[in-house]
Amino acid sequence: MFRNLPLAEIKHARLVPALVVSLFLTATASAEPTQIQRGEYLARAGDCVSCHTAKQGEPFSGGDRLNTPFGYMLAPNITSDPDTGIGRWSADDFYRSLHDGVNRRGQDMYPTMPYDFYTNVTRGDLRISQNAQAREERNRR
Ligand code: HEC
């Protein structure tokens with residue numbers, strides 16, 4: 001295809017794909033902070049930390065006492081710890097808990113976990129906020 005082109009033009013032709021790739025990489029790199037910021041915004045807007053953190057406890061590590069007319073509940077640990085938190089939860093598990101109010105054991109959660117306020121959050125946004133939370137924990141360590 002390049003047989004009849006002078007050498008200089010062939011060099012440029014080879015540069016084009018490289019240029020396209022590097023433009024794509026630049027665009028991806030600059031999209032990254034936006035997604036991180038979006039995740040942080042979503043976690044803050046959902047105010048998950050207010051219930052899922054005990055007084056003076058680590059953020060999201062649970063233990064906050066929520067009083068109800070029929071007794072009290074302790075908010076669970078939702079850090080990414082695999083044993084005490086939700087580190088083994090898949091994106092589907094996480095989506096189901098916030099969208100349908102059903103935990104990983106298939107149990108309906110009490111509305112003390114206000115999942116009905118989160119049902120309209122899109123799957124993509126939930127994924128972003130799950131990732132943002134895990135990243136925030138890693139940064140704190
Ligand atoms: C008003 C307090 C409150 C807020 C706000 C809240 N939660 Fe909860 N959450 C709870 C309580 C209480 C439970 C336990 C409910 C149950 O087991 O019946 C719970 C359960 C959960 C569970 C299930 C954990 C498990 O081990 O079964 C997940 C996941 C969860 N919350 C995530 C979130 C996320 C993410 C947010 C923010 C978008 C959030 N919660 C906001 C109180 C809250």
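Student: At what angle do H3 and helix H4 pack, and how far apart are their axes?

Tutor: H3 and helix H4 (residues 123-140) pack at an angle of about 115 degrees, and their axes are 10 Å apart. Axes are lines fitted to C-alpha atoms, for helices over the stretch in contact, and angles run from 0 to 180 degrees between N-to-C directions. Helices (H or I, at least four residues) and strands (E, at least two) are DSSP runs, numbered from the N terminus.

Student: Is H3 roughly perpendicular or roughly parallel to H4?

Tutor: The angle makes H3 roughly perpendicular to H4; that term covers 65 to 115 degrees, with under 35 roughly parallel, over 145 roughly antiparallel and the rest oblique.

Student: Which residues meet there?

Tutor: From H3, Ala 91, Phe 94, Tyr 95 and Leu 98 meet Arg 123, Leu 126, Arg 127 and Gln 130 of H4. Contact requires C-beta atoms, placed from the backbone, within 7 Å. By class, this contact has 5 nonpolar, 1 polar and 2 charged residues. Ala, Val, Leu, Ile, Met, Phe, Trp, Tyr, Cys and Pro count as nonpolar, Asp, Glu, Lys and Arg as charged, and the others, Gly among them, as polar.

Student: Turning to the ligand, which residues come nearest?

Tutor: Gly 46, Cys 48, Cys 51, Met 109 and Met 113 come nearest, of 21 residues around the ligand; the criterion is a C-beta atom, placed from the backbone, within 6 Å of it.

Student: Which helix gives the most to that shell?

Tutor: H2 does, with 3 residues. The shell has 14 nonpolar, 6 polar and 1 charged residues.

Student: What about confidence?

Tutor: This is a predicted model: local features need pLDDT of at least 70, side-chain atom pairs count only at pLDDT 80 or more, and totals for chains, interfaces and linings use all residues. Residues are numbered from 1 along each chain as its sequence is written. The mean pLDDT (the predictor's confidence in each residue, from 0 to 100) of the protein chain is 78.

Student: Which element has the lowest mean pLDDT?

Tutor: Helix H1 (residues 7-46), at 57.

How values were computed
Two residues are in contact if their C-beta atoms, placed from the backbone, lie within 7 Å.
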